[in-house]
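Trainee: Could we go through this model together, taking the sheets, the helices and the cavity in turn?

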Amino acid sequence: TPDRYPNPNLQGALITTIETGIDLKFLRNRLGFNAVYFFEKADKIPVDVTVSGVSGFTTTAVNAAVVERQGIELVLNGRAISSKDLNWDLSTTFSYLIKNPVKQIVAGQTQIPVGGNVFASAGAFGSRFARAFQVVGQDWGQLIGGGIKRNADGQAIINPNTGLYVNDPRKRWGSIVPKVNGGFLSNLSYKQFHLGFSLDYQVGGQFFSLSEMWGNYSGLMEPTASLNDKGINVRTPVNDGGGVHVVGVSSVDEKSRIDTYVDAQTYFHGFYDQQLAEPYVHSLSYVKLREVSLGYRIPVKNSKWIQGAHLSLIARNPLLIWSASKNFDPTEVVNNFGEDGQMPGTRGIGANLKLNF
């Protein structure tokens, strides 16, 4: 790229993985259990470092970072019912990330943005709001910044002149990587009919939602037209009982109590102006029904060409059963730092005809 010096000494990273486990079968293979422990070390990961602008470039990539990862993966499957006409197969998976520490980055530094620059770690807003970092000694992908500053007693610190929260740029939200992932699969068949479904889930991980921030900033989200504790719409002028109720302590001495109401537009614009990500940082935890299918095996007799036929109706992503985030589907998050104005997920319903020749 134009501003990046092509380092002639750059090499590929080396990833070393060690796995050990056990695979067991019981009851004539009707019940199975598989467990795996893994340890992975990624060495000499390329990262961007700043170079003097006198060179005509701003950054170059060097082999510097070392990241480790270890965890367990479990699989349990079995046939709950087995007969001539009725069969029911079940399977569940579970994985747990024990730890994922950054052991080393660029010499002389203990923290750099994921991807090596602010745009890779924070999308459209660069240095604003919460960003993802590699921090030595911490799990990879620490989401940092954009918190509401609080005193030693945990009370929010407020600017007495504006009634707005004060930004804590060092706020640590935790890793962007979920600790737990898993799923469940069921396949039930009776004579020519088949019913199957699958769901998956994850627990942990943090993300920042840019869409929520803009939704509140522009007055499109529900909180911007809700009722305050007086039962009056927050958009109503403060002098008429409206506004958002704000409670905390003064930024002057971090002790004096502040209990006031702030005009709704001023309040919700304040999160952008003060670079506050706090209301828009959520857990990536969810449970989702991923697919449901209903099929029928069409009898084929005396056919010279067709050996078998199967017709099925399939629904993909039919239901987000539960999500820690109420305004955005965490399964759609693809960026390191979180959600960056992405399109919402889609639900698909269709039919499938399979012919065997």
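Predicted model: local features only at pLDDT ≥ 70, side-chain atom pairs only at ≥ 80, totals over all residues.

Trainee: Which residue in β17 does Ile158 stand opposite?

Mentor: Strand β17 (residues 244-250) runs parallel to β11, and 2 bridges join them. Within β17, the residue that stands opposite Ile158 is Ser250.

Trainee: How do α2 and α3 cross, left-handed or right-handed?

Mentor: Two packed helices are described by the angle between their axes and the distance between the axes. Here the axes of α2 (residues 210-217) and α3 come within 8 Å and cross at roughly 140°. The handedness of this crossing of α2 and α3 is left-handed.

Trainee: How many nonpolar, polar and charged residues does the contact of α2 with α3 have?

Mentor: On the α2 side, Met213, Trp214, Asn216 and Tyr217 take part, and they meet Phe268, His269 and Tyr272 in α3. Sorted by class, this contact of α2 with α3 has no charged residues, 2 polar and 5 nonpolar.

Trainee: Which residue is the bridge partner of Phe208 in β22?

Mentor: A further open sheet of 3 strands, with mixed pairing, has the order β19-β16-β22, and its edge strands, β19 (281-283) and β22 (338-339), each pair on one side only. Strand β16 (residues 206-209) pairs with β22 in the parallel sense over 2 bridges. The bridge partner of Phe208 in β22 is Gly338.

Trainee: Which strands does α2 lie across?

Mentor: Helix α2, whose axis comes within 8 Å of that of α3, runs at about 35° to β16. The strands that α2 lies across are β16, β19 and β22.

Trainee: Which residues line the largest cavity?

Mentor: The structure holds 1 cavity of 30 Å³ or more, and the largest has a volume of about 30 Å³. By class, its lining has 5 nonpolar, 2 polar and no charged residues. The lining residues are Leu164, Tyr165, Tyr267, Gly270, Phe271, Gln274 and Leu276.

Definitions and conventions. Residues numbered from 1 in each chain as written. Heavy atoms only, no water. Pairing = 2+ DSSP bridges. Helix = DSSP H or I, 4+ residues; strand = E, 2+ residues; numbered from the N terminus. 1 Å grid on protein atoms, 1.4 Å probe; cavity = no way out; pocket = protein on both sides within 12 Å on 5 of 7 lines; lining within 4 Å. Points joined across faces, edges and corners; volume = space filled by probe spheres on them. Nonpolar A, V, L, I, M, F, W, Y, C, P; charged D, E, K, R; others polar. Axes fitted to C-alpha atoms, helices over the stretch in contact; angles between N-to-C directions. Left-handed = near helix turned anticlockwise from the far one by under 90°. Contact = heavy atoms within 4.5 Å.
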